[in-house]
Amino acid sequence: MTIYTLHSRNFSALEIHRDGELVATMEGKGSFFLRARQWTATDNKGQTVTTGRSIYECIKNYAATHGDDRIKEIPYTHGSRATFETIDELKG
């Protein structure tokens with residue numbers, strides 16, 4: 001099972017940690033009010049990895065690029081903004 005956590009970096013950026021290791025940064029661009037907001041995940045080398053219209057869609061797409069096709073959110077984890085874990089195919 002792989003754990004992805006999001007940590008606030010500043011008001012418009014989040015850090016993506018995979019099993020505790022910083023692997024990418026997610027940044028929002030565009031207008032939230034005009035529904036043109038786009039989240040972009042870039043790796044530690046500055047290369048764009050994936051995008052999404054919401055934070056959840058972006059982290060889901062990021063996990064999929066690493067072979068983790070299904071993730072679910074863990075409701076509350078102390079010390080992080082959001083936590084997601086992979087869903088084991090055998091457990092459903």
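Author: Thr42 stands opposite Thr48 in β5. Keep in mind that this is a predicted model.

Reader: What makes β4 and β5 a pair?

Author: Two strands pair if at least two bridges are found between them. Strand β4, residues 38-43, and β5 have 4 bridges, in the antiparallel sense. They therefore count as a pair. Trp39 also has a place opposite β5, facing Gly52. The hairpin of β4 and β5 has 4 residues between the strands. In that hairpin, Gly46 takes a positive phi near 85 degrees.

Reader: What lies over the face of Trp39?

Author: Arg37 does, at 5.2 Å from the ring centre. The distance cut-off for a charge over a ring is 6 Å, so 5.2 Å falls within it.

Reader: What is the order of the strands in the sheet?

Author: The sheet is open and has 7 strands, in the order β5-β4-β3-β2-β1-β7-β6. Their pairing is antiparallel. Along the sequence the pattern reads β-β-β-β-β-α-β-β.

Reader: Why are β5 and β6 called edge strands?

Author: Each pairs on one side only. β5 covers residues 48-52, and β6 covers 71-74.

Reader: How much are neighbouring strands turned against each other?

Author: By 25 degrees on average, direction ignored.

Reader: Which strands does helix α1 touch?

Author: Helix α1, residues 55-65, packs on the sheet and touches β1, β2, β3, β4, β5, β6 and β7. Its direction makes about 140 degrees with that of β5.

Reader: How do you know which class the ring pair of Tyr4 and Tyr62 belongs to?

Author: Take the centres and then the planes. Rings pair if their centres lie within 6.5 Å. The centres of Tyr4 and Tyr62 are 6.3 Å apart. Planes over 60 degrees apart count as edge-to-face. These planes stand at 85 degrees, so the pair is edge-to-face. The structure holds 1 aromatic pair.

Reader: Which parts of the chain does the pair link?

Author: Distant ones: Tyr4 is in strand β1, Tyr62 is in helix α1, and 58 residues separate them.

Reader: Is Tyr4 buried or exposed? And Tyr62, buried or exposed?

Author: Buried means under 20% relative accessible area. Tyr4 has 0%, so it counts as buried. Tyr62 has 2%, so Tyr62 is buried as well. In the chain, buried residues make up 34% of the 92 residues.

Reader: Which residues have the most contacts inside the largest nonpolar core?

Author: Tyr4, Leu6, Ile16, Met26, Ile59, Tyr62 and Phe84. This core has 16 residues. At least two residues come from each of β1, β2, β3, β4, α1 and β7. α1 gives the most, with 4 residues.

Reader: What is Ile16 in contact with, leaving aside its neighbours within four places in sequence?

Author: Its contacts include Tyr4, Leu6, Met26, Ala41, Ile59 and Tyr62. Leu6 is also the bridge partner of Ile16 in β2.

Reader: What makes β2 largely enclosed?

Author: 5 of the 6 residues of β2 are buried, so the strand is largely enclosed by the rest of the structure.

Reader: How many bridges does β2 form with β1, and how many with β3?

Author: β1 and β2 pair over 6 bridges, in the antiparallel sense. β2 and β3 also pair over 6 bridges, again antiparallel. Both counts meet the requirement of at least two. The hairpin of β1 and β2 has 2 residues between the strands. The hairpin of β2 and β3 has 2 as well, and Asp19 in its turn has a positive phi of about 50 degrees.

Reader: Why does Thr40 count as buried?

Author: The cut-off is under 20%. Thr40 comes to 17% relative accessibility, so it counts as buried. Thr40 is in strand β4. Leaving aside neighbours within four places in sequence, its contacts include Thr25, Met26, Thr50 and Cys58.

Reader: How far is the C-alpha atom of Thr40 from that of Ile55?

Author: The two atoms are separated by 9.0 Å, and the residues are 15 apart along the chain.

Technical notes
Residues are numbered from 1 along each chain as its sequence is written. This is a predicted model: local features need pLDDT of at least 70, side-chain atom pairs count only at pLDDT 80 or more; totals for chains, interfaces and linings use all residues. Side-chain values use heavy atoms; hydrogens and water are left out. Axes are lines fitted to C-alpha atoms, for helices over the stretch in contact, and angles run from 0 to 180 degrees between N-to-C directions. Contact means heavy atoms within 4.5 Å. Rings of Phe, Tyr and Trp (its six-membered ring) pair if their centres lie within 6.5 Å; planes under 30 degrees apart count as stacked, over 60 as edge-to-face and the rest as tilted. Buried means under 20% relative accessible area, exposed over 50%, partly exposed in between (1.4 Å probe, protein chains only). A charge sits over a ring if NZ of Lys or CZ of Arg is within 6 Å of the ring centre and within 35 degrees of the ring normal. A nonpolar core is a set of buried Ala, Val, Leu, Ile, Met, Phe, Trp, Tyr and Cys residues joined through side-chain atoms within 4.5 Å.
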